[in-house]
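Please work through each task before reading its solution.

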Amino acid sequence: MPPTLASLVQHSALKLTVRAGEDRLETPVRWAHVSELADPVPYMEGGELLLVTAMTLDAEDLEAMRRYVRRLVGAGVVGLGFAVGVYYEDIPEALVEAAKEEGFPLLAVPRRTPFLAISKAVSAANAADQYRAVTAGFEAQRELTRAALAEGPDAVVARLAAHIDGWAALYDASGAVVAAAPEWATRRAARLTGDVERLRERSAPASAVVGDTEDRVELQSLGSGRRVRGALAVGTGAPLGTAERYAVHSAVALLTLSTERSRALQAAEQRLGAAVLRMLLSGQQDHARAVAGDLYGGLLDAPFRLVIAEPAGDPDPASEHPLLAFAESLESAAARAGEAVLVVPDSDDRLVVLAADGGAVVAACTSAYADKEAEDAEVVVGLSAPTGPIAAAGAYKQSEQALSVARRRGRALVEHEELAAGSILPLLADDAVRAFADGMLRALYEHDATGRGDLVASLRAWLSRHGQWDAAAADLGVHRHTLRYRMRRVEEILGRSLDDPDVRMELWLALKTTSAAAAE
(Lines give C-alpha, C1' and ligand atoms only; values in the text may rest on other atoms or scores of the structure.)
Protein backbone atom coordinates (compact mmCIF):
# COMPACT_ATOMS: atom_id res chain seq x y z
CA MET A 1 0.00 0.00 0.00
CA PRO A 2 1.24 3.56 -0.69
CA PRO A 3 1.84 5.87 2.32
CA THR A 4 -1.18 7.54 3.87
CA LEU A 5 -1.60 10.49 6.17
CA ALA A 6 -2.31 7.99 8.95
CA SER A 7 0.99 6.17 8.35
CA LEU A 8 2.88 9.50 8.49
CA VAL A 9 1.14 10.43 11.75
CA GLN A 10 2.11 7.03 13.17
CA HIS A 11 5.73 7.47 12.06
CA SER A 12 7.57 7.72 15.38
CA ALA A 13 10.38 9.98 14.10
CA LEU A 14 8.11 12.65 12.63
CA LYS A 15 6.05 13.49 15.72
CA LEU A 16 3.09 14.84 13.69
CA THR A 17 -0.22 15.65 15.38
CA VAL A 18 -3.66 15.91 13.81
CA ARG A 19 -5.56 19.17 14.24
CA ALA A 20 -8.40 18.65 11.70
CA GLY A 21 -9.73 16.12 9.17
CA GLU A 22 -9.29 13.04 11.39
CA ASP A 23 -11.76 11.09 9.21
CA ARG A 24 -9.61 11.42 6.07
CA LEU A 25 -6.28 10.16 7.27
CA GLU A 26 -6.44 6.98 5.16
CA THR A 27 -6.00 9.04 2.01
CA PRO A 28 -2.88 7.95 0.03
CA VAL A 29 -0.07 10.52 -0.30
CA ARG A 30 1.65 10.68 -3.69
CA TRP A 31 4.22 13.29 -2.70
CA ALA A 32 5.19 15.87 -0.05
CA HIS A 33 5.64 19.36 -1.49
CA VAL A 34 6.84 22.59 0.13
CA SER A 35 5.35 25.88 -1.08
CA GLU A 36 5.07 29.26 0.59
CA LEU A 37 3.04 30.76 -2.23
CA ALA A 38 -0.22 32.39 -1.27
CA ASP A 39 -1.79 30.34 -4.10
CA PRO A 40 0.21 27.15 -4.83
CA VAL A 41 -2.71 25.49 -6.68
CA PRO A 42 -1.36 26.11 -10.24
CA TYR A 43 1.65 23.94 -9.32
CA MET A 44 -0.27 21.06 -7.77
CA GLU A 45 -1.19 17.79 -9.55
CA GLY A 46 -3.32 16.24 -6.82
CA GLY A 47 -2.43 13.74 -4.12
CA GLU A 48 0.19 15.96 -2.43
CA LEU A 49 0.74 16.72 1.25
CA LEU A 50 1.46 20.46 1.19
CA LEU A 51 4.03 21.69 3.76
CA VAL A 52 4.05 25.39 4.81
CA THR A 53 5.51 27.76 7.40
CA ALA A 54 2.83 30.37 6.56
CA MET A 55 5.41 33.09 5.97
CA THR A 56 3.23 34.62 3.20
CA LEU A 57 -0.19 33.62 4.53
CA ASP A 58 -2.58 35.78 6.53
CA ALA A 59 -3.23 32.70 8.67
CA GLU A 60 -5.28 34.59 11.28
CA ASP A 61 -7.87 35.86 8.77
CA LEU A 62 -10.77 33.37 8.80
CA GLU A 63 -12.20 34.32 5.40
CA ALA A 64 -8.75 34.24 3.78
CA MET A 65 -8.09 30.80 5.27
CA ARG A 66 -11.48 29.53 4.12
CA ARG A 67 -10.65 30.57 0.55
CA TYR A 68 -7.15 29.07 0.85
CA VAL A 69 -8.38 25.68 2.13
CA ARG A 70 -11.16 25.46 -0.43
CA ARG A 71 -8.61 26.07 -3.20
CA LEU A 72 -6.42 23.26 -1.86
CA VAL A 73 -9.33 20.85 -1.61
CA GLY A 74 -10.41 21.68 -5.16
CA ALA A 75 -6.88 20.98 -6.45
CA GLY A 76 -6.83 17.51 -4.89
CA VAL A 77 -4.29 18.32 -2.18
CA VAL A 78 -4.75 15.58 0.45
CA GLY A 79 -3.51 17.47 3.52
CA LEU A 80 -1.66 20.45 4.93
CA GLY A 81 1.41 20.21 7.19
CA PHE A 82 1.88 23.41 9.22
CA ALA A 83 5.27 24.10 10.82
CA VAL A 84 4.71 25.39 14.35
CA GLY A 85 7.30 27.42 16.20
CA VAL A 86 8.59 29.18 13.06
CA TYR A 87 6.35 32.13 12.19
CA TYR A 88 3.52 31.01 14.49
CA GLU A 89 3.96 29.31 17.85
CA ASP A 90 0.84 27.26 17.08
CA ILE A 91 -1.55 26.83 14.18
CA PRO A 92 -3.84 29.89 14.10
CA GLU A 93 -7.42 29.15 15.06
CA ALA A 94 -8.67 30.67 11.78
CA LEU A 95 -6.83 28.00 9.77
CA VAL A 96 -7.92 25.21 12.13
CA GLU A 97 -11.55 26.31 11.87
CA ALA A 98 -11.40 26.59 8.05
CA ALA A 99 -9.87 23.09 7.82
CA LYS A 100 -12.51 21.59 10.12
CA GLU A 101 -15.30 23.14 8.07
CA GLU A 102 -14.01 21.37 4.94
CA GLY A 103 -13.00 18.17 6.74
CA PHE A 104 -9.52 18.85 5.40
CA PRO A 105 -6.60 17.06 7.16
CA LEU A 106 -4.41 19.56 8.98
CA LEU A 107 -1.19 18.29 10.61
CA ALA A 108 1.01 20.17 13.08
CA VAL A 109 4.71 19.73 12.29
CA PRO A 110 6.98 20.39 15.29
CA ARG A 111 9.98 22.70 14.86
CA ARG A 112 12.47 19.85 15.36
CA THR A 113 10.97 17.91 12.40
CA PRO A 114 12.39 19.28 9.12
CA PHE A 115 10.19 19.21 6.05
CA LEU A 116 12.91 17.18 4.35
CA ALA A 117 12.31 14.34 6.81
CA ILE A 118 8.65 14.20 5.82
CA SER A 119 9.54 14.25 2.11
CA LYS A 120 12.05 11.41 2.65
CA ALA A 121 9.47 9.39 4.57
CA VAL A 122 6.90 9.76 1.78
CA SER A 123 9.49 8.98 -0.89
CA ALA A 124 10.78 5.92 0.96
CA ALA A 125 7.28 4.60 1.55
CA ASN A 126 6.36 5.11 -2.13
CA ALA A 127 9.58 3.40 -3.23
CA ALA A 128 8.85 0.47 -0.92
CA ASP A 129 5.31 0.23 -2.24
CA GLN A 130 6.59 0.35 -5.83
CA TYR A 131 9.13 -2.37 -5.04
CA ARG A 132 6.42 -4.54 -3.52
CA ALA A 133 4.24 -3.97 -6.60
CA VAL A 134 7.06 -4.85 -9.00
CA THR A 135 7.98 -7.92 -6.96
CA ALA A 136 4.36 -9.04 -6.89
CA GLY A 137 4.12 -8.36 -10.63
CA PHE A 138 7.17 -10.51 -11.36
CA GLU A 139 5.79 -13.28 -9.18
CA ALA A 140 2.48 -13.06 -11.06
CA GLN A 141 4.40 -13.21 -14.35
CA ARG A 142 6.22 -16.38 -13.25
CA GLU A 143 2.99 -18.00 -12.09
CA LEU A 144 1.15 -17.08 -15.31
CA THR A 145 4.06 -18.40 -17.39
CA ARG A 146 4.01 -21.72 -15.53
CA ALA A 147 0.25 -21.93 -16.05
CA ALA A 148 0.61 -21.18 -19.77
CA LEU A 149 3.26 -23.86 -20.26
CA ALA A 150 1.61 -26.53 -18.14
CA GLU A 151 -2.11 -25.99 -18.71
CA GLY A 152 -2.75 -23.49 -21.49
CA PRO A 153 -4.80 -20.29 -21.98
CA ASP A 154 -7.68 -21.33 -19.69
CA ALA A 155 -5.29 -21.57 -16.74
CA VAL A 156 -3.75 -18.18 -17.57
CA VAL A 157 -7.20 -16.59 -17.45
CA ALA A 158 -8.00 -18.28 -14.12
CA ARG A 159 -4.69 -17.20 -12.50
CA LEU A 160 -5.09 -13.65 -13.80
CA ALA A 161 -8.58 -13.32 -12.31
CA ALA A 162 -7.18 -14.34 -8.91
CA HIS A 163 -4.29 -11.85 -9.13
CA ILE A 164 -6.46 -8.84 -9.96
CA ASP A 165 -9.15 -9.81 -7.44
CA GLY A 166 -11.75 -9.59 -10.18
CA TRP A 167 -12.65 -11.51 -13.31
CA ALA A 168 -11.05 -12.19 -16.68
CA ALA A 169 -12.24 -13.52 -20.04
CA LEU A 170 -10.58 -14.58 -23.28
CA TYR A 171 -12.22 -14.00 -26.69
CA ASP A 172 -11.26 -15.67 -29.98
CA ALA A 173 -10.82 -13.94 -33.35
CA SER A 174 -14.59 -14.05 -33.97
CA GLY A 175 -15.37 -12.32 -30.66
CA ALA A 176 -16.74 -15.45 -28.93
CA VAL A 177 -15.89 -16.13 -25.27
CA VAL A 178 -13.58 -19.17 -25.09
CA ALA A 179 -12.51 -18.95 -21.42
CA ALA A 180 -13.64 -17.02 -18.35
CA ALA A 181 -12.92 -17.03 -14.62
CA PRO A 182 -14.60 -17.23 -12.19
CA GLU A 183 -17.33 -19.29 -13.80
CA TRP A 184 -19.99 -16.61 -13.33
CA ALA A 185 -17.90 -14.21 -15.43
CA THR A 186 -18.94 -16.00 -18.63
CA ARG A 187 -22.30 -14.21 -18.61
CA ARG A 188 -20.67 -10.87 -17.82
CA ALA A 189 -18.13 -11.31 -20.61
CA ALA A 190 -20.83 -12.27 -23.14
CA ARG A 191 -22.45 -8.85 -22.67
CA LEU A 192 -19.29 -7.18 -23.97
CA THR A 193 -19.28 -8.77 -27.43
CA GLY A 194 -20.23 -5.45 -29.03
CA ASP A 195 -17.25 -3.71 -27.39
CA VAL A 196 -14.96 -6.57 -28.44
CA GLU A 197 -16.25 -6.30 -32.01
CA ARG A 198 -15.38 -2.59 -32.08
CA LEU A 199 -11.93 -3.38 -30.69
CA ARG A 200 -11.38 -5.97 -33.45
CA GLU A 201 -12.07 -3.31 -36.06
CA ARG A 202 -8.96 -1.40 -34.91
CA SER A 203 -5.38 -2.31 -35.74
CA ALA A 204 -3.50 -4.26 -33.08
CA PRO A 205 -2.36 -3.46 -30.46
CA ALA A 206 -5.52 -1.79 -29.22
CA SER A 207 -7.20 -1.28 -25.86
CA ALA A 208 -10.39 0.18 -24.46
CA VAL A 209 -11.99 0.84 -21.08
CA VAL A 210 -15.69 0.23 -20.59
CA GLY A 211 -17.70 0.36 -17.43
CA ASP A 212 -21.14 0.43 -15.90
CA THR A 213 -22.65 0.16 -12.45
CA GLU A 214 -21.16 -3.32 -12.00
CA ASP A 215 -17.45 -2.88 -12.59
CA ARG A 216 -14.66 -1.32 -14.61
CA VAL A 217 -13.52 -3.41 -17.58
CA GLU A 218 -10.34 -3.11 -19.61
CA LEU A 219 -10.17 -4.75 -23.03
CA GLN A 220 -6.80 -5.61 -24.59
CA SER A 221 -6.31 -6.92 -28.12
CA LEU A 222 -4.18 -10.02 -28.78
CA GLY A 223 -1.95 -10.44 -31.82
CA SER A 224 1.55 -9.49 -32.95
CA GLY A 225 0.53 -8.16 -36.36
CA ARG A 226 -1.90 -5.43 -37.34
CA ARG A 227 -4.78 -7.89 -37.29
CA VAL A 228 -6.51 -8.65 -33.97
CA ARG A 229 -6.40 -12.39 -33.21
CA GLY A 230 -8.42 -12.25 -30.01
CA ALA A 231 -9.07 -10.11 -26.95
CA LEU A 232 -8.64 -10.21 -23.18
CA ALA A 233 -11.12 -8.58 -20.79
CA VAL A 234 -10.38 -7.88 -17.11
CA GLY A 235 -13.03 -6.57 -14.75
CA THR A 236 -12.34 -4.97 -11.37
CA GLY A 237 -14.08 -2.73 -8.89
CA ALA A 238 -11.41 -0.02 -9.19
CA PRO A 239 -8.58 0.99 -11.56
CA LEU A 240 -5.72 -1.50 -11.71
CA GLY A 241 -2.74 -0.99 -9.42
CA THR A 242 0.89 -1.43 -10.44
CA ALA A 243 1.06 -5.14 -9.53
CA GLU A 244 -2.23 -5.87 -11.24
CA ARG A 245 -1.07 -3.96 -14.32
CA TYR A 246 2.06 -6.13 -14.49
CA ALA A 247 -0.10 -9.24 -14.31
CA VAL A 248 -2.39 -8.05 -17.10
CA HIS A 249 0.51 -7.14 -19.38
CA SER A 250 2.10 -10.54 -18.74
CA ALA A 251 -1.17 -12.30 -19.55
CA VAL A 252 -1.52 -10.33 -22.79
CA ALA A 253 2.01 -11.31 -23.84
CA LEU A 254 1.52 -14.98 -22.99
CA LEU A 255 -1.88 -15.22 -24.67
CA THR A 256 -0.51 -13.44 -27.76
CA LEU A 257 2.35 -15.97 -27.92
CA SER A 258 -0.20 -18.75 -27.55
CA THR A 259 -2.24 -17.23 -30.38
CA GLU A 260 0.81 -16.92 -32.65
CA ARG A 261 1.87 -20.46 -31.85
CA SER A 262 -1.66 -21.61 -32.66
CA ARG A 263 -1.38 -19.86 -36.02
CA ALA A 264 1.84 -21.76 -36.79
CA LEU A 265 0.18 -25.03 -35.79
CA GLN A 266 -2.85 -24.06 -37.84
CA ALA A 267 -0.67 -23.56 -40.92
CA ALA A 268 0.83 -27.02 -40.41
CA GLU A 269 -2.65 -28.49 -39.93
CA GLN A 270 -3.80 -26.82 -43.15
CA ARG A 271 -0.95 -28.46 -45.09
CA LEU A 272 -1.84 -31.81 -43.55
CA GLY A 273 -5.52 -31.20 -44.27
CA ALA A 274 -4.78 -30.38 -47.91
CA ALA A 275 -2.93 -33.70 -48.26
CA VAL A 276 -5.84 -35.58 -46.64
CA LEU A 277 -8.34 -33.89 -48.97
CA ARG A 278 -6.28 -34.71 -52.08
CA MET A 279 -6.15 -38.37 -51.02
CA LEU A 280 -9.89 -38.49 -50.43
CA LEU A 281 -10.69 -36.94 -53.80
CA SER A 282 -8.35 -39.34 -55.58
CA GLY A 283 -9.96 -42.38 -53.96
CA GLN A 284 -7.19 -43.16 -51.46
CA GLN A 285 -9.40 -43.41 -48.40
CA ASP A 286 -7.11 -45.70 -46.39
CA HIS A 287 -4.09 -43.47 -46.94
CA ALA A 288 -6.19 -40.43 -45.99
CA ARG A 289 -7.16 -42.05 -42.68
CA ALA A 290 -3.55 -43.01 -41.96
CA VAL A 291 -2.27 -39.48 -42.61
CA ALA A 292 -5.11 -37.81 -40.71
CA GLY A 293 -4.48 -39.89 -37.59
CA ASP A 294 -6.13 -38.54 -34.45
CA LEU A 295 -6.29 -35.01 -35.84
CA TYR A 296 -8.97 -35.66 -38.46
CA GLY A 297 -9.50 -39.42 -38.17
CA GLY A 298 -12.75 -39.17 -36.23
CA LEU A 299 -14.12 -36.82 -38.86
CA LEU A 300 -13.58 -39.42 -41.58
CA ASP A 301 -15.34 -42.16 -39.62
CA ALA A 302 -18.75 -40.44 -39.61
CA PRO A 303 -20.93 -38.87 -42.32
CA PHE A 304 -19.55 -35.51 -43.32
CA ARG A 305 -20.32 -32.73 -45.77
CA LEU A 306 -18.10 -30.86 -48.16
CA VAL A 307 -18.45 -27.08 -48.32
CA ILE A 308 -16.99 -24.94 -51.10
CA ALA A 309 -16.97 -21.18 -50.61
CA GLU A 310 -15.90 -18.35 -52.91
CA PRO A 311 -16.00 -14.55 -52.48
CA ALA A 312 -19.35 -13.11 -53.51
CA GLY A 313 -17.62 -10.28 -55.37
CA ASP A 314 -14.18 -8.80 -55.88
CA PRO A 315 -12.50 -8.63 -52.44
CA ASP A 316 -11.35 -5.22 -51.22
CA PRO A 317 -7.51 -5.38 -50.94
CA ALA A 318 -7.61 -2.96 -48.01
CA SER A 319 -10.02 -5.14 -46.01
CA GLU A 320 -9.88 -8.60 -44.52
CA HIS A 321 -10.29 -11.31 -47.16
CA PRO A 322 -13.85 -12.68 -46.88
CA LEU A 323 -12.67 -16.31 -47.08
CA LEU A 324 -10.38 -15.74 -44.09
CA ALA A 325 -13.24 -14.37 -42.00
CA PHE A 326 -15.49 -17.24 -43.18
CA ALA A 327 -12.86 -19.84 -42.20
CA GLU A 328 -12.36 -18.28 -38.76
CA SER A 329 -16.09 -18.26 -38.06
CA LEU A 330 -16.37 -21.98 -38.85
CA GLU A 331 -13.23 -22.88 -36.88
CA SER A 332 -14.55 -20.93 -33.89
CA ALA A 333 -17.85 -22.84 -34.09
CA ALA A 334 -15.91 -26.12 -34.21
CA ALA A 335 -13.72 -25.13 -31.24
CA ARG A 336 -16.73 -24.18 -29.11
CA ALA A 337 -18.45 -27.48 -29.91
CA GLY A 338 -15.30 -29.60 -29.57
CA GLU A 339 -15.61 -30.78 -33.18
CA ALA A 340 -12.93 -31.58 -35.71
CA VAL A 341 -13.05 -29.58 -38.94
CA LEU A 342 -10.84 -29.61 -42.02
CA VAL A 343 -10.38 -26.22 -43.68
CA VAL A 344 -8.28 -26.11 -46.86
CA PRO A 345 -7.62 -23.02 -49.00
CA ASP A 346 -8.03 -24.48 -52.50
CA SER A 347 -6.77 -21.21 -53.99
CA ASP A 348 -6.87 -17.49 -53.25
CA ASP A 349 -10.50 -17.49 -54.39
CA ARG A 350 -11.80 -20.80 -53.08
CA LEU A 351 -12.04 -22.52 -49.71
CA VAL A 352 -12.94 -26.18 -49.12
CA VAL A 353 -14.31 -27.29 -45.75
CA LEU A 354 -14.96 -30.85 -44.58
CA ALA A 355 -17.25 -30.88 -41.52
CA ALA A 356 -19.36 -33.38 -39.60
CA ASP A 357 -22.93 -33.75 -40.86
CA GLY A 358 -25.36 -32.31 -38.33
CA GLY A 359 -22.56 -30.64 -36.39
CA ALA A 360 -21.96 -27.09 -35.22
CA VAL A 361 -19.92 -26.09 -38.28
CA VAL A 362 -22.62 -26.99 -40.79
CA ALA A 363 -25.24 -25.38 -38.54
CA ALA A 364 -23.20 -22.16 -38.31
CA CYS A 365 -22.78 -22.11 -42.07
CA THR A 366 -26.45 -22.65 -42.91
CA SER A 367 -27.79 -20.33 -40.21
CA ALA A 368 -25.54 -17.49 -41.37
CA TYR A 369 -26.06 -17.78 -45.13
CA ALA A 370 -29.11 -19.92 -45.99
CA ASP A 371 -31.60 -17.04 -46.20
CA LYS A 372 -29.25 -14.42 -47.63
CA GLU A 373 -28.96 -13.06 -51.12
CA ALA A 374 -25.47 -13.14 -52.61
CA GLU A 375 -25.36 -9.35 -52.82
CA ASP A 376 -25.84 -9.16 -49.03
CA ALA A 377 -23.11 -11.71 -48.20
CA GLU A 378 -19.33 -11.74 -48.33
CA VAL A 379 -19.14 -15.31 -49.66
CA VAL A 380 -21.17 -17.71 -51.82
CA VAL A 381 -21.39 -21.28 -50.54
CA GLY A 382 -22.19 -24.68 -52.05
CA LEU A 383 -22.97 -27.54 -49.65
CA SER A 384 -22.89 -31.24 -50.55
CA ALA A 385 -25.22 -33.95 -49.32
CA PRO A 386 -23.99 -36.11 -46.38
CA THR A 387 -21.35 -38.55 -47.56
CA GLY A 388 -18.41 -40.70 -46.50
CA PRO A 389 -14.76 -41.13 -47.56
CA ILE A 390 -15.58 -43.46 -50.47
CA ALA A 391 -17.86 -40.90 -52.13
CA ALA A 392 -15.76 -37.79 -51.33
CA ALA A 393 -15.07 -37.03 -55.00
CA GLY A 394 -18.78 -37.13 -55.76
CA ALA A 395 -19.49 -34.83 -52.81
CA TYR A 396 -16.94 -32.36 -54.14
CA LYS A 397 -18.79 -32.27 -57.48
CA GLN A 398 -22.08 -31.82 -55.62
CA SER A 399 -20.64 -28.81 -53.79
CA GLU A 400 -19.41 -27.31 -57.05
CA GLN A 401 -22.83 -27.82 -58.65
CA ALA A 402 -24.59 -26.24 -55.67
CA LEU A 403 -22.14 -23.32 -55.74
CA SER A 404 -22.78 -22.79 -59.46
CA VAL A 405 -26.53 -22.77 -58.90
CA ALA A 406 -26.15 -20.35 -55.97
CA ARG A 407 -24.32 -17.91 -58.24
CA ARG A 408 -26.94 -18.19 -60.99
CA ARG A 409 -29.80 -17.68 -58.56
CA GLY A 410 -28.11 -14.85 -56.65
CA ARG A 411 -28.17 -16.87 -53.43
CA ALA A 412 -25.51 -16.91 -50.70
CA LEU A 413 -25.90 -20.66 -50.05
CA VAL A 414 -27.43 -23.62 -51.86
CA GLU A 415 -27.47 -27.22 -50.60
CA HIS A 416 -27.20 -30.01 -53.14
CA GLU A 417 -30.09 -31.84 -51.51
CA GLU A 418 -32.25 -28.84 -52.33
CA LEU A 419 -31.49 -29.34 -56.02
CA ALA A 420 -32.17 -33.07 -55.94
CA ALA A 421 -35.48 -32.67 -54.11
CA GLY A 422 -36.76 -29.63 -55.95
CA SER A 423 -37.98 -28.85 -59.45
CA ILE A 424 -35.75 -28.52 -62.50
CA LEU A 425 -37.50 -25.30 -63.49
CA PRO A 426 -35.37 -22.96 -61.35
CA LEU A 427 -32.32 -24.37 -63.09
CA LEU A 428 -33.68 -23.09 -66.40
CA ALA A 429 -33.46 -19.49 -65.20
CA ASP A 430 -30.21 -19.02 -67.07
CA ASP A 431 -29.52 -16.60 -69.91
CA ALA A 432 -28.01 -19.31 -72.11
CA VAL A 433 -31.01 -21.62 -71.62
CA ARG A 434 -33.44 -18.80 -72.31
CA ALA A 435 -31.57 -17.86 -75.48
CA PHE A 436 -31.75 -21.48 -76.64
CA ALA A 437 -35.50 -21.65 -75.95
CA ASP A 438 -36.15 -18.35 -77.69
CA GLY A 439 -34.20 -19.46 -80.75
CA MET A 440 -36.00 -22.80 -80.98
CA LEU A 441 -39.52 -21.39 -80.65
CA ARG A 442 -39.14 -18.01 -82.35
CA ALA A 443 -40.41 -19.21 -85.73
CA LEU A 444 -43.56 -20.65 -84.13
CA TYR A 445 -44.26 -17.45 -82.19
CA GLU A 446 -43.76 -15.40 -85.36
CA HIS A 447 -46.19 -17.69 -87.23
CA ASP A 448 -48.83 -17.31 -84.50
CA ALA A 449 -48.37 -13.55 -84.44
CA THR A 450 -49.68 -13.37 -88.04
CA GLY A 451 -52.99 -14.85 -86.90
CA ARG A 452 -52.62 -17.98 -89.04
CA GLY A 453 -53.00 -20.45 -86.20
CA ASP A 454 -52.13 -21.28 -82.64
CA LEU A 455 -49.16 -23.59 -83.09
CA VAL A 456 -47.43 -22.88 -79.73
CA ALA A 457 -50.53 -23.66 -77.65
CA SER A 458 -51.25 -26.74 -79.77
CA LEU A 459 -47.68 -27.99 -79.35
CA ARG A 460 -47.85 -27.48 -75.59
CA ALA A 461 -51.17 -29.36 -75.31
CA TRP A 462 -49.93 -32.22 -77.51
CA LEU A 463 -46.69 -32.63 -75.54
CA SER A 464 -48.49 -32.43 -72.18
CA ARG A 465 -50.77 -35.31 -73.35
CA HIS A 466 -47.79 -37.38 -74.46
CA GLY A 467 -48.88 -37.29 -78.10
CA GLN A 468 -52.45 -38.52 -77.49
CA TRP A 469 -54.42 -36.84 -80.28
CA ASP A 470 -57.95 -37.13 -78.92
CA ALA A 471 -57.07 -35.92 -75.40
CA ALA A 472 -54.97 -33.01 -76.68
CA ALA A 473 -57.64 -31.98 -79.23
CA ALA A 474 -60.28 -32.05 -76.49
CA ASP A 475 -58.10 -29.77 -74.33
CA LEU A 476 -57.86 -27.31 -77.22
CA GLY A 477 -61.50 -27.63 -78.26
CA VAL A 478 -60.61 -28.57 -81.88
CA HIS A 479 -60.99 -31.66 -84.05
CA ARG A 480 -58.12 -34.14 -83.95
CA HIS A 481 -57.57 -33.70 -87.70
CA THR A 482 -57.05 -29.97 -87.08
CA LEU A 483 -54.48 -30.81 -84.41
CA ARG A 484 -52.69 -33.25 -86.77
CA TYR A 485 -52.48 -30.51 -89.38
CA ARG A 486 -51.01 -28.07 -86.84
CA MET A 487 -48.37 -30.57 -85.72
CA ARG A 488 -47.31 -31.14 -89.36
CA ARG A 489 -46.97 -27.35 -89.70
CA VAL A 490 -44.80 -27.32 -86.54
CA GLU A 491 -42.51 -29.95 -88.11
CA GLU A 492 -42.36 -28.03 -91.39
CA ILE A 493 -41.54 -24.69 -89.70
CA LEU A 494 -38.95 -26.14 -87.31
CA GLY A 495 -37.52 -28.65 -89.76
CA ARG A 496 -37.50 -31.31 -87.06
CA SER A 497 -39.52 -34.52 -86.56
CA LEU A 498 -41.81 -34.82 -83.54
CA ASP A 499 -41.26 -38.58 -83.66
CA ASP A 500 -37.78 -37.99 -82.23
CA PRO A 501 -37.96 -38.17 -78.38
CA ASP A 502 -34.97 -35.79 -78.08
CA VAL A 503 -36.81 -33.19 -80.13
CA ARG A 504 -39.93 -33.55 -77.99
CA MET A 505 -37.82 -33.21 -74.81
CA GLU A 506 -36.07 -30.08 -76.08
CA LEU A 507 -39.34 -28.49 -77.17
CA TRP A 508 -40.96 -29.20 -73.80
CA LEU A 509 -38.03 -27.64 -71.91
CA ALA A 510 -38.10 -24.67 -74.29
CA LEU A 511 -41.80 -24.14 -73.60
CA LYS A 512 -41.24 -24.42 -69.85
CA THR A 513 -38.38 -21.92 -70.02
CA THR A 514 -40.40 -19.32 -71.92
CA SER A 515 -43.35 -19.79 -69.55
CA ALA A 516 -41.08 -19.27 -66.53
CA ALA A 517 -39.58 -16.16 -68.11
CA ALA A 518 -43.04 -14.76 -68.86
CA ALA A 519 -44.11 -15.39 -65.26
CA GLU A 520 -41.22 -13.29 -63.99
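Contact, as used in these exercises, means heavy atoms within 4.5 Å. The structure is a predicted model.

**Exercise 1.** Determine which residues of helix α11 are buried and what covers them.

*Solution.* 
Step 1. Residues count as buried when their relative accessible area is under 20%. In α11, which spans residues 360-369, V361, V362, C365, T366 and Y369 are buried.
Step 2. These residues cover an arc of only 125 degrees around the axis, and therefore lie on the same side of α11. As a general rule, an α-helix has 3.6 residues a turn, so residues three or four places apart point the same way.
Step 3. The cover over the buried residues of α11 includes the helix α10 (322-337). It also includes the strands β11 (304-311), β12 (341-347), β13 (350-356), β14 (379-383) and β15 (413-415).

**Exercise 2.** Describe how helices α2 and α3 pack, and state which kinds of residue form their contact.

*Solution.* 
Step 1. Two packed helices are described by the angle between their axes and the distance between the axes. For α2 (residues 62-74) and α3, the angle is about 45 degrees and the axes are 8 Å apart.
Step 2. This angle makes α2 oblique to α3. The crossing of the two helices is right-handed.

**Exercise 3.** Carry out the analysis for helices α15 and α16.

*Solution.* 
Step 1. The axes of α15 (residues 455-464) and α16 (residues 469-476) come within 8 Å and cross at roughly 135 degrees.
Step 2. That angle makes α15 oblique to α16. The crossing is right-handed.
Step 3. On the α15 side, A457, S458, A461 and W462 meet W469, A472 and L476 of α16. Of the residues in this contact, six are nonpolar, one is polar and none is charged.

**Exercise 4.** Locate V86 and decide whether this residue is buried, partly exposed or exposed.

*Solution.* 
Step 1. V86 lies in the loop between β4 (79-83) and α3 (93-102).
Step 2. With a relative accessible area of 40%, V86 is partly exposed.
Step 3. Leaving aside residues up to four places away in sequence, V86 touches T53 and R111.
Step 4. V86 and P110 are 24 residues apart along the chain, and their C-alpha atoms are separated by 9.2 Å.

Definitions and conventions:
Residues are numbered from 1 along each chain as its sequence is written. This is a predicted model: local features need pLDDT of at least 70, side-chain atom pairs count only at pLDDT 80 or more; totals for chains, interfaces and linings use all residues. Side-chain values use heavy atoms; hydrogens and water are left out. Axes are lines fitted to C-alpha atoms, for helices over the stretch in contact, and angles run from 0 to 180 degrees between N-to-C directions. Helices (H or I, at least four residues) and strands (E, at least two) are DSSP runs, numbered from the N terminus. Angles under 35 degrees count as roughly parallel, over 145 as roughly antiparallel, 65 to 115 as roughly perpendicular and the rest as oblique. A crossing is left-handed if the near helix is turned anticlockwise from the far one by less than a right angle, and right-handed if clockwise. Ala, Val, Leu, Ile, Met, Phe, Trp, Tyr, Cys and Pro count as nonpolar, Asp, Glu, Lys and Arg as charged, and the others, Gly among them, as polar. Buried means under 20% relative accessible area, exposed over 50%, partly exposed in between (1.4 Å probe, protein chains only). The arc is that of the directions from the helix axis to the C-beta atoms.
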